[in-house]
Amino acid sequence: LQIQGQRQTGPDGSSRTRLLLRLDDLDPQQILSWLPGLSSHALRVRAERTKALLELILPDNPRDKDGPVLSGTVSLTGLNLRAITHDNWTERAGKVQCSAAEAELILRANLFRKQYRVEKLTLSSPLFILPPSTEKKQPARPPLSHWPGQAFNLASLPVDLMITQLNINNGTVQRGGQKQGELWEELQLTLTDYRNQSPSPAEKNQTGEAQTAALSFSARQGETRVQFQGSTAPDLSLNGKITLDNLDSSLLQPYLSAEKALQLSGGQAHLLMRTDPEQKKYTVEELIVEQAQLVVNNLNEKGKSGRLPFLIRIGELLDPTALPFDLMIRHLTFNKGKIQRKKELPWENVQLELKEYRNRNRSKTAAQTAALSFSARQGETRVRFQGSAAPDLSLNGKITLDNLDSSLLQPYLGAEKALRLSGGTINLTGVLHKTEAGGKERAAVIEQATVQIPDIRLKQGKGKVLLSAGKAEATGCTIDLMTASLSCACL
């Protein structure tokens with residue numbers, strides 16, 4: 001420890017003492033003990049070697065706004081730091097750990113105010129270890145669940161912390177207990193003009209509008225890459241543009257509003273999204289899901305409508321209107337996917353495109369709808385839809401079903417045991433839309449439909465054939481998918 005000092009007189013005639021401190025191999029925990037608000041048990045820091053060049057200004061007659069000021073540079077080799085997280089204030093233990101080969105900190109602190117400004121902090125090749133999950137079963141974690149804002153809250157610190165510039169080069173993020181293959185690697189992060197507290201009214205009057213903290217980062221997990229460009233708030237929430245490439249589509253599972261009814265697995269995803277948590281707005285600019293499988297575990301059957309392909313009613317499993325935020329999807333593409341339901345052949349080669357979707361209707365005069373098209377194949381059966389989707393995902397547009405098993409029309413005969421329909425396949429084309437079915441209940445109806453059945457046979461029970469024909473065609477049909485009723489203008 002080397003100390004050099006001198007007396008100084010300011011322009012206003014005030015006197016002060018200026019100390020220059022040179023520290024070599026000092027325990028960095030001792031430096032923290034000098035700093036009001038940072039000397040608690042919440043932070044533990046050690047290093048293989050610490051060198052510091054600090055300046056301490058001691059006014060002779062300190063006032064509230066002045067007081068001692070500490071500034072300078074601290075260089076650390078072999079840094080190891082542990083910080084208490086949200087969970088530590090309960091009995092669930094867990095600390096954020098950080099180790100880095102090299103670290104350099106340029107600091108300016110007003111000790112009486114408990115105000116600390118990090119002029120510049122650079123971490124080289126750091127490893128961040130977050131607390132292990134307390135859940136016994138480890139579900140697929142959504143993207144950015146390792147983001148530090150999920151682990152601890154800098155806004156709760158008893159000090160005024162400002163970060164002019166933070167640089168992280170070639171970092172690694174790991175949650176305790178995970179395998180090595182689940183690390184986020186090659187982390188590059190830059191944070192500027194961050195403050196963990198909102199400016200006071202007096203400061204706002206002096207500086208005008210509060211400055212926004214700029215944030216950018218990128219990282220890799222296997223073939224998956226994440227990039228973010230935008231800003232952050234005192235609680236480290238993200239506001240900006242997120243890009244995820246080659247993402248395992250199962251990681252999108254937590255964002256489905258029907259987690260038990262729908263399970264997403266396999267495949268890859270590309271996501272470009274803009275977030276605004278303060279306004280509770282999330283905009284998916286582009287989401288591409290490739291070769292993923294969607295498993296349907298539960299679909300409430302209303303009446304006998306389940307005999308027609310459930311694919312045209314899969315929107316009943318989701319309720320985006322119940323989400324506690326505004327969601328907009330500019331462009332969603334589902335390529336070469338598969339939809340599986342128990343005890344049924346899978347729907348394969350699923351192609352779906354959704355454009356300009358909103359989960360809330362912002363227009364008071366007219367309902368807003370999103371453009372939607374999809375197609376799929378189940379054995380020889382094919383389905384195609386072209387039209388629109390409402391905020392509740394009800395459909396309105398042209399539906400075509402080719403090569404359906406003719407027995408699927410059996411519930412619509414109105415006498416299931418007396419008459420049996422067999423032979424041939426069904427080709428059906430019509431307009432699918434939603435109708436009010438009394439109260440708030442809604443029903444899906446296919447209108448203006450044409451139904452063609454080649455090689456039709458109508459039997460009495462299992463016995464006598466009452467009717468057979470090379471081809472039957474019905475036009476001007478209305479099919480109620482809820483009540484399993486069918487009416488046609490011409491047969």
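The exercises below work through bonds and side-chain pairs in a predicted model.

Residues are numbered from 1 along each chain as its sequence is written. Because the model is predicted, local features need pLDDT of at least 70 and side-chain atom pairs count only at pLDDT 80 or more, while totals for chains, interfaces and linings use all residues; side-chain values use heavy atoms, with hydrogens and water left out.

**Exercise 1. Find which cysteines form a disulfide, and state where they lie.**

Step 1. A disulfide is a pair of cysteine sulfur atoms within 2.5 Å. The structure holds one: the sulfur atoms of Cys477 and Cys488 are 2.2 Å apart.

Step 2. Cys477 is in strand S26 (residues 465–480) and Cys488 is in the segment after strand S27 (485–487), so the bond ties together parts 11 residues apart in sequence.

Step 3. Assign the hand. The torsion about the S-S bond of Cys477 and Cys488 is about 105°, so this disulfide is right-handed.

Step 4. Compare the surroundings, where buried means under 20% relative accessible area, exposed over 50% and partly exposed in between (1.4 Å probe, protein chains only). Cys477 is buried at 0%, whereas Cys488 is partly exposed at 35%.

Step 5. Check Cys490. Its closest cysteine sulfur, in Cys477, is 9.0 Å away, which is too far for a bond. Cys490 is partly exposed, at 45%.

**Exercise 2. Classify the aromatic pairs Tyr282–Phe325 and Phe374–Phe385.**

Step 1. Apply the rule: rings of Phe, Tyr and Trp (its six-membered ring) pair if their centres lie within 6.5 Å; planes under 30 degrees apart are stacked, over 60 edge-to-face, and the rest tilted. The structure holds three such pairs.

Step 2. Tyr282 and Phe325 are 4.9 Å apart centre to centre with 65° between the planes, an edge-to-face pair. Tyr282 is in strand S16 (residues 281–290) and Phe325 in the loop between strands S17 (293–296) and S18 (326–341), so the pair ties together parts 43 residues apart in sequence. Tyr282 is partly exposed, at 24%, and Phe325 is also partly exposed, at 24%.

Step 3. The ring centres of Phe374 and Phe385 are 5.4 Å apart and the planes lie at 20°, so this pair is stacked. Phe374 belongs to strand S20 (residues 370–378) and Phe385 to strand S21 (residues 381–389). Phe374 is buried at 9%, and Phe385 is buried at 3%.

**Exercise 3. Locate the salt bridges of Arg49, Arg225 and Arg330.**

Step 1. A salt bridge is a side-chain nitrogen of Lys or Arg within 4 Å of a carboxyl oxygen of Asp or Glu. The count by this rule is 14.

Step 2. Arg49 pairs with Asp24, with the closest N and O atoms 3.5 Å apart. Arg49 lies in strand S4 (residues 49–59) and Asp24 in strand S2 (residues 15–24), so the bridge ties together parts 25 residues apart in sequence.

Step 3. Arg330 pairs with Glu356 at 2.9 Å between the closest N and O atoms. Arg330 is in strand S18 and Glu356 in strand S19 (residues 347–358), so parts 26 residues apart in sequence are tied together. Arg330 is partly exposed, at 33%, and so is Glu356, at 39%.

Step 4. Salt bridges that share partners join Glu185, Glu186, Arg220 and Arg225 into one network. Within it, Arg225 and Glu186 have their closest N and O atoms 3.7 Å apart.

Notes
Helices (H or I, at least four residues) and strands (E, at least two) are DSSP runs, numbered from the N terminus.
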